[in-house]
Amino acid sequence: IDKFQFQSKTTFNYFNNKLPSGKSTLFQDGIDFKFFYPVSKEEARKKIGFSKDRKLILYVGTFTKNKGVDSLISMFNILRKEFNNLDLILVGGSEKDSLFNLVKSSGAKYFTRLDRRELRTYYSAADVHVYPSDNDSVINFAGISNANIESLACGTPIFTSQLKHFFGNKMESNKIGMEYTNIKNSVSSLAFILNNPDNFSECRNIAEKYYNREKNAKKSVEMYLTLFNHYKRGK
């Protein structure tokens with residue numbers, strides 16, 4: 001094999017130490033930034049029925065423990081004591097999901113599925129997108145996740161255990177969100193994001209630098225052409 005591409009920094013770091021120099025690269029196809037773009041928060045809130053004075057947490061994914069939905073509900077219950085204007089919306093679950101009943105009884109608003117155009121509105125309306133997995137396999141090997149990137153594309157910061165896989169530098173990472181570690185140490189971090197939206201105003205520009213699908217597809221094509229030309233010459 002001539003080239004390995006990894007979404008997970010954990011996997012990349014391992015193989016980069018084992019393989020010859022230049023064989024391993026960090027790569028993620030990314031998302032369509034022409035489709036996922038910010039809608040004004042006021043307009044988005046009005047469309048989904050929330051006033052602008054509410055603090056809104058969003059989660060997109062299955063309603064399962066490995067995605068951290070139980071941790072999310074626990075943080076929501078803790079933060080409701082601090083924020084009397086806090087709401088939680090969960091999107092993407094199924095009645096077959098192991099934590100569906102927990103979500104149903106949590107006091108949060110939830111949807112099993114939404115059209116992507118509707119989802120764009122919810123990303124734009126939210127103050128933060130939360131993906132707080134405690135599962136080692138998800139944390140280390142799932143990459144940053146498309147839901148996190150979609151949120152950033154819509155101008156909304158992320159609070160996630162997946163931030164470790166972000167392709168940018170530490171300064172950029174600090175401008176797009178904060179890292180979830182565990183409930184005890186992370187509630188204050190989530191509260192900080194909710195209280196300081198201006199600290200995370202560059203989400204879209206920074207995310208597009210690394211996760212624009214069109215640009216990344218061109219990079220892949222260039223790599224393929226280089227390999228085709230290499231073997232075409234009989235080497």
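Here is a friendly conversation about aromatic rings, a surface patch and one aspartate in a predicted model.

Trainee: Let's begin with the rings. How many aromatic pairs does the count come to?

Mentor: A pair of aromatic rings is described by the distance of the centres and the angle of the planes. Two rings pair if their centres lie within 6.5 Å. By this rule, the count is 15 aromatic pairs.

Trainee: Is the pair of Phe-6 and Phe-15 stacked, edge-to-face or tilted, and what is the angle between the planes?

Mentor: The ring centres of Phe-6 and Phe-15 are 5.2 Å apart. Planes under 30 degrees apart count as stacked. Phe-6 and Phe-15 are therefore stacked, since the angle between their planes is 15°.

Trainee: Which residues form one aromatic cluster with Phe-6 and Phe-15?

Mentor: Phe-6 and Phe-15 are a stacked pair. They also belong to an aromatic cluster, together with Phe-4 and Tyr-14.

Trainee: Now to Phe-159 and Tyr-180. How many residues apart are they?

Mentor: Their rings form an edge-to-face pair, with 5.9 Å between the centres and 90° between the planes. Both Phe-159 and Tyr-180 are buried. Phe-159 belongs to strand 7 (residues 158-160), while Tyr-180 sits in the loop between strand 8 (177-179) and helix 9 (183-195). The pair links distant parts of the chain, and the separation is 21 residues.

Trainee: Which ring has Arg-116 lying over its face?

Mentor: Arg-116 lies 4.1 Å from the centre of that ring. Arg-120 also lies over the face of this ring, at 4.7 Å from the centre. The ring belongs to Phe-35.

Trainee: Finally, which backbone nitrogen does the side chain of Asp-127 reach?

Mentor: Asp-127 is in the loop between helix 5 (116-125) and strand 6 (128-131), and at 15% relative accessibility it is buried. Its side chain makes a polar contact of 2.9 Å with the side chain of Arg-45. At 2.7 Å, the side chain of Asp-127 also reaches the backbone nitrogen of Leu-56.

Methods:
Residues numbered from 1 in each chain as written. Predicted model: local features only at pLDDT ≥ 70, side-chain atom pairs only at ≥ 80, totals over all residues. Heavy atoms only, no water. Phe/Tyr/Trp six-rings, centres within 6.5 Å; stacked < 30°, edge-to-face > 60°. Helix = DSSP H or I, 4+ residues; strand = E, 2+ residues; numbered from the N terminus. Buried < 20%, exposed > 50% of the residue type's maximum accessible area, 1.4 Å probe, protein only. Lys NZ or Arg CZ within 6 Å of the ring centre and 35° of its normal. Polar contact = N/O pair within 3.5 Å; in protein donor to acceptor, adjacent residues only side chain to side chain.
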